[in-house]
Amino acid sequence: MKKICYIVAMRAEARPFIEEYHLKEVKDFFAPYPFLLYQGIAGNIELSVVLNGEQHGSDLVGCEAASITTYAAIERLHPDLIVNSGTCGAFKADGAEIADIYIGNAVMFHDRRVPGDDAWGTQALGNYPVWSKAEELARLLDFKTGKVTTGSSLDMQPVDLEIIRSNGGQLKDMEAAAIAFTCSLTQTPILIVKSVTDLCDGGEKTFEEFSKNLAAASQALRDANKRIIPKLEIVFDEE
Ligand code: SAH
């Protein structure tokens, strides 16, 4: 039986999916860390959902939490595939709409500006590999694809925009590149599934737009993952 491990930042993003698959919390699995584990079976797949947990009274988001949660999940669960399922900002100019689903076909950091030679610049941007079957899966299910870029902030400064767009970025989040970085160290394949909560070029205030659309985007993530999981069974069988 193949093991698939979802890494999700916010409980609100994961809840509809956890309920759909009747996943059960495995209490204190990661103690003393705050990471949360939910598990169940979906067809011929052992399904785990790992959340970062919380600190200071809110869900842990961002790269630091994503990196160590992913590290712990890989060390303890030995998944065949990591899936980062979460929300993102996207661009109206690319035809993105609220609650659209995208599969990441590339992933990098957009707010690590390290001067020096090409090697330092290359390390800063990251550009980690994504699962070789990601494009095929998107085609099979008719999902859009795009390059995900990750930074430590919800807002977007002009320098972020410049780096995102000059590198072909389309989807802006706070975790995907950190998760892909950890996966790159262990050669664990990563699939990135993103749902749009806000439009970076839409003129609305990001936090308000994000909050307004979080529930709809999280339901879209559940529906997308419900279509993805049976296809993963087929793709794994072909290997
Ligand atoms: N204060 C918010 C915190 C959410 S942070 C709250 O209480 O709900 C935003 C989360 O959504 C991160 O996990 C990030 O990956 C994702 N996200 C959605 N839209 C984003 C955007 N435009 N830029 C960066 N991250 C975004």
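Author: Start with helix α1, residues 11–20. Its buried residues are Glu13, Ala14, Pro16, Phe17 and Ile18. Buried means under 20% relative accessible area, with a 1.4 Å probe and protein chains only; exposed is over 50%, and partly exposed lies in between. Helices (H or I, at least four residues) and strands (E, at least two) are DSSP runs, numbered from the N terminus.

This is a predicted model: local features need pLDDT of at least 70, side-chain atom pairs count only at pLDDT 80 or more, and totals for chains, interfaces and linings use all residues. Residues are numbered from 1 along each chain as its sequence is written, and side-chain values use heavy atoms, with hydrogens and water left out.

Now the packing. The buried residues of α1 pack against β1 (2–8), β3 (36–42), β4 (45–51), β7 (81–90) and α7. Contact here means heavy atoms within 4.5 Å.

Next, the rings. Rings of Phe, Tyr and Trp (its six-membered ring) pair if their centres lie within 6.5 Å; planes under 30 degrees apart are stacked, over 60 edge-to-face, and the rest tilted. The count comes to 7 aromatic pairs. One of them joins phenylalanine 17 and tyrosine 21, edge-to-face, at 5.3 Å centre to centre and 70° between the planes. Phenylalanine 17 and tyrosine 21 are both buried.

Then the helix end. Just after α1, histidine 22 takes a positive phi of about 50°.
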